[in-house]
Structure formats: C-alpha cells, structure tokens
Amino acid sequence: MQVVADTWSWLTTGANWSGESGVWHRLAEHLYVSGAALLLACAVALPLGLWLGHLGKGGTLAVNLSNVGRAIPVFAVLALFMVSPLRNAGYVPTVVALVLFAIPPLLTHAYVGVREVDRAVVEAARGMGMSGGQLFRGVELPLARPMLMTGLRSAAVQVVATATIAAMVGQGGLGRIITAGFNTYDTPQVVAGAVLVALLALLVEALLVGADRLLRR
Amino acid sequence: MAGTNCLVTNDWICGEYLRTRSQELADATVQHVGITAASVLLGLAVAFPLALLVRARPRLAGAVLGLTTLLYTIPSLALFSLLLPLLGLSSALVVTGLVLYSLTILVRGVLAGLAAVPAETKEAARGMGYGSGRLLWEVELPLALPALMAGIRMATVSTIALTTVGSIVGRGGLGNLIEDALPTFFKAQVLTASVLCVLLAVTADLLLLGLQRLLTPWSRIRAARAGGA
C-alpha cells in the first residue's frame, strides 16, 4: 500500500505542520469554529429543550426538529452565506451554518431526556412537596443526563466532521488540507487530511465519554 | 426588459434565471434524485443482510454498529476524495460514499424495527408452523415497517442534503450549480439550487410517509377504531 506509506511520510514531514496552511494552524481554525458552534448551539438548544421537556409542551416540534437537522445541506447554507455580505465576516458563516446543524439533535435529546423520566418518579417528587424548580434540578435533570450526553456527543462528532465542508467555500479548518490536496491531485495529502479529521472526531467522542464517566461518580 | 435586469443586478430571486436555465436546473435535479435513490436503495440492500446477521449473531453487534458509526465520523468531503483513486470522477464514487453513510441509520432502523415485534406474535406464528423465512417476510417485516420506514426517511433526507457535497467531484446534482455559482457570486443560482434541494428533501419525506401509510393499512384502521370508541 503505497498510499499508506506516502500518507505517513506526509504526516511526519515537519513542513506540512507549520505555516498558514499547515496542520497546526488549520487544526486551530477547526477547533475554533467547531467549539464556538457547539457552545452557541448548546446555549440555545439545551435551556429550550429542557424547559419544553419540563413543561411537556412542544413535543412534536422538538422531535421533528432532529430530522430537520439532517435535512440541512450545510454546503448550500454556507454557499448562501458566501454570496451574501456575511462573506466578509471572517469565521461567522461557518459558525452560523454549524450552529443551525447542531441545534436540532441537542434540542431533541434534551426534550426527550426530560420527557422520558418515569412519570411515577415525577409524581412522587411532586407528592413530597417539591417545587417545579426543585423537581427539575433534583429529579428530572439527573435522570435526563444520559440522554443529554448522547445528544451532545452526536452533535459534537457531527459538527467536527461537517466543519470540513467550510473548505469547499474557501473558509478555514482541516478541510482545507483535503481540498488543497484534491486540487493538486496529491492523494497522500487528501488521505492525511481525512485521517486527521476522523481522529479529531473520535478524540472528541472519547473525551466526552470520559467526561461523562467522571460526572457520574 | 425588467426580466433581464435581475440577472445583471444579481438579484437573489430572478424569474429570468428560472426561465433561461430551466433545462440546467432540471438536469441537476434529475442527477440529484438519481444519486439519492441509488444510494438509499443500495444502502438498504447492504444494511438489511447486515442487520439480520447482527440479529442472528449478537456478538457481532458491537463490531458492525461500531464500524458503521466510525464511517459516520469520516467527513463527507474526505470520503468522496478518498474514494477518488478507486472509482474516478464518477457518480459511482458519490453513491458509494453516500451508501456508507446511510448504513449507520439504516442498520439501526432495521434492527429497531425487528426488535419491536412482540415475542408472543412470533411465538404464535411459530406455533402455527411458520418457518423462519416465512416468519421474517410475512410477520416480522410488516410489523417492523414503521421503525424501518422511519430509518429510510431519515437516511433519504440526510442523503439528499449530503449529495450536494458530491460537487467536489462534479457529481453533486444541485450542489454542482451551487459550486459553479460561487466564484461569480451568482446569487439567484445559489438560492434557487438550495431551495430546490430542501424542497426535494421535504417531497421525498412526504412521499415515503405516504408509502408507509399504504403499506400499513392496519395502523390506520386501529387509529380510526380508537378514535371512534
């Protein structure tokens, strides 16, 4: 497998890691846009999803939203931003497109997580005289945690993988390594870029699983 | 000539664009639909035996589900580029990539559907002398249809969205029009192709929902009875 050897040598060449189009710079861009998008999406989706779940309202909306997320063609959204005045706004187009993509799974999982807490437990807590806030903090939130973490993990992995599409419209991130290799018929570089993004996605998944284990103790 | 002006002024919505490029739009839509349909059908053809295998040998479940989930972490852009040396600049390349993505959703959908069939129903069918083949086709699959169709709908909708990324190799259906329009900031083309892409996803979802209703008449009868009682 010549490609494997060539990819390895691309990855182990120091020059490929430094400079404006080097791995470190692209990785920093990638982490910046993915992280910002994920944080913003959480800030919007989690409070809303948890609140709707607590009230038990808006269920159809929350559940159908997860399919909407998959239906969003991120490339089309990015392209629309890039032909609008937003194109001069630095990382904003990529971050906004990724936020739109990440909100649905987060919102759906938060809603379903709270909603699926055993009604008998909720009734018992109410019977013990817990207020709405106490019920939410002491019962619903802890029991919804596994579902919340599943939503967070799938959103994070998808955001990290999808952020590469930004390169197709000339925005930054690890995808640029792939498109640059693609344009110069440099297969080892394309493979190297793909491996780096996949590793990053798996690393993010592993970190979130680890964080979840720590929280559970 | 107000109509021509919107092409000159680069408006977002332009009737003149729709009129003069309708053939181009139709061709791109046909390519988009073709790639999506081929990907989902092939995905189903691969996912179905995989799910049956996992069900027969639960020990393989971890490996199969892990592998299909791992495929999902490879960015679409990278996957299409990686398959390039193997398949060249072709629709087969985009279809292969999309099939690999759809597996995550479809295998889980088939498994969830089969798992939802009540054990008593299967016992009853076995008691009536159904063999495992007949049990699968005549009892389990019809009962698994709602969950299975949910998986197919999800896979179809996400495949329609992902097909646009195939424009990296020039086989992205409506994505090609978007990519072509980017360097010149041709707003009408980007907007029209994007809207068509979303409309395509909504239409496909509704058609599949209709198909599911046709295939599971008993669920409507049950709903009607519950409503009437």
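Start by showing chain A and chain B together: about 2800 Å² is buried between them, and carbon and sulfur atoms give 82% of that. Buried area here is the accessible area (1.4 Å probe) that two parts lose on being put together, summed over both. Now select A:Arg70, A:Val83 and A:Phe182, which supply 25% of the area that chain A buries against chain B, more than any other three residues.

A word on ground rules. This is a predicted model, where local features need pLDDT of at least 70, side-chain atom pairs count only at pLDDT 80 or more, and totals for chains, interfaces and linings use all residues. Residues are numbered from 1 along each chain as its sequence is written, chains are lettered from A in the order in which they are written, and side-chain values use heavy atoms, with hydrogens and water left out.

Next, pick out the contacts (heavy atoms within 4.5 Å): 32 residues of chain A meet 35 residues of chain B.

On the side that touches chain B, α3, α4 (74-82), α7 (132-162), α8 (175-183) and α9 (187-216) of chain A each supply at least two residues. Stop at α9(A), which gives the most, with eight residues.

Last, colour by pLDDT, the predictor's confidence in each residue, from 0 to 100. Chain A has a mean of 89; among its elements, helix α3 (residues 59-71) has the lowest mean (79) and helix α2 (residues 23-55) the highest (93).

Terms used. Helix = DSSP H or I, 4+ residues; strand = E, 2+ residues; numbered from the N terminus.
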